[in-house]
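Here is a set of questions and answers about one protein model. Look at the sequence and the structure first, then read on.

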Amino acid sequence: MALSTIEFPWLHSQSPPRLRPLSIFNRILVSRTPATVDKRVGSLLPPKVVLSSSVTSFVAASLPALLNTINGSDKSNNVFIHKAISKRFREGRNVLVERKLVPTVKLVSTDFKPKVSSMHVTYGSIKGFEDASQGYLTQRWSRAVSLRIPQEDSVFESTDQQKKVLKSALKDGCVLSVGVFVAGDFEYIVENQISGEVLERDKRGEISLVLTSNHSTEWSESNLQWRIDDVDGLLGRTV
């Protein structure tokens, strides 16, 4: 395997997937989650906002910034891209540059098509989603729903207590996670920094993203925000 494939975290077309593929049964279940989540959080969205359209519009607007981050041309620490993604690509790029190699990822096609593949909603207080949210844990209740609750509420001694915890979490707001496939002609090139010779060229027809929304008890058209939290399973995040 080429050095650039090992050091630079862009997923090569011949590399195995970073995340374990789902079984056929689980793929069917996951494919139904967007409709389930859309139904559950519809009341939190303004009438003119369609959840899937909000996601695809964000991807269309943010993909150029993501490629700039991957290629090291965006130094601004874009708030719409998880800082760990920027860090991993920056570190990998630095290793190659030290060896006089320049990695570049380009969208060769004139257009691309984002497609929502999965959705998940996690209910709970905003305190439970903060970076230093100690004392909270996540309970997965179904393929589409989780609760982020205080640890002391995680053991249910009765059905009534379980219902009370669920009711409280639902009232406290939620965060959305969305899996997106982006179809397009993505080309990865590694050049010799001195001679400009192309040493490696690889093409892929699709990338996968994980998006996360901001926490809210009720979104408006202006405050529903998204962030790219993973690219091709680099950070191991799933929806």
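Q: In what order do the elements of the protein run from the N terminus on?
A: Helices (H or I, at least four residues) and strands (E, at least two) are DSSP runs, numbered from the N terminus. The protein has 6 helices and 7 strands. Their order from the N terminus on is α-α-α-α-α-β-β-β-β-α-β-β-β.

Q: What kind of model is this, and from where are residues numbered?
A: This is a predicted model, in which local features need pLDDT of at least 70 and side-chain atom pairs count only at pLDDT 80 or more, while totals for chains, interfaces and linings use all residues. Side-chain values use heavy atoms, with hydrogens and water left out, and residues are numbered along each chain as its sequence is written, from 1.

Q: What percentage of the residues of the protein count as buried?
A: Buried means under 20% relative accessible area, exposed means over 50%, and partly exposed lies in between (1.4 Å probe, protein chains only). The C-alpha trace spans about 70 × 40 × 35 Å along its principal axes. Of the 239 residues of the protein, the buried ones make up 43%.

Q: Among contacts between residues at least 6 apart in sequence, what percentage join residues at least 24 apart?
A: A contact means heavy atoms within 4.5 Å. Among contacts between residues at least 6 apart in sequence, the share that joins residues at least 24 apart is 69%.

Q: Which residues lie nearest the centre of the largest pocket?
A: On a 1 Å grid over the protein atoms alone, a pocket is an open set of points where a 1.4 Å probe fits, with protein on both sides within 12 Å along at least five of seven lines; lining residues have an atom within 4 Å of a point. The volume is the space filled by probe spheres set on the points, which are joined across faces, edges and corners, and for the largest pocket this is about 1,100 Å³. Its lining has 35 residues, and those nearest the centre are Phe-129, Val-175, Thr-212, Arg-227 and Asp-229.

Q: How many residues of the lining of the largest pocket are charged?
A: Ala, Val, Leu, Ile, Met, Phe, Trp, Tyr, Cys and Pro count as nonpolar, Asp, Glu, Lys and Arg as charged, and the others, Gly among them, as polar. Elements that each supply at least two residues of this lining include α5 (83-98), β2 (113-123) and β5 (174-192). By class, the lining has 11 nonpolar and 16 polar residues, and the number of charged ones is 8.

Q: Which element gives the most to the lining of the second largest pocket?
A: The second largest pocket holds about 820 Å³ of space. Its 30 lining residues include Leu-19, Arg-20, Leu-22, Phe-181 and Ser-208, which lie nearest its centre. At least two lining residues come from each of α2 (24-31), β2, β5, β6 and β7. The element that gives the most, with 6 residues, is β6.

Q: Which residues are linked with Glu-187 in a network of salt bridges?
A: A salt bridge is a side-chain nitrogen of Lys or Arg within 4 Å of a carboxyl oxygen of Asp or Glu. Glu-187 and Arg-201 meet in one at 3.1 Å, N to O, and this pair, in strands β5 and β6, is 14 residues apart. Lys-203 also forms a salt bridge with Glu-187, with the closest N and O atoms 4.0 Å apart. The residues linked with Glu-187 in the network are therefore Arg-201 and Lys-203.

Q: How far apart are the closest N and O atoms of Arg-227 and Asp-229?
A: Arg-227 is partly exposed, with a relative accessible area of 32%, whereas Asp-229 is buried at 4%. The two form a salt bridge, and their closest N and O atoms are apart by 2.6 Å.

Q: Where is Lys-100 found?
A: Most residues other than glycine have a negative phi. Lys-100 is not a glycine, yet has a positive phi of about 65°. Lys-100 is partly exposed at 43%, and is found in the loop between α5 and β1 (101-107).
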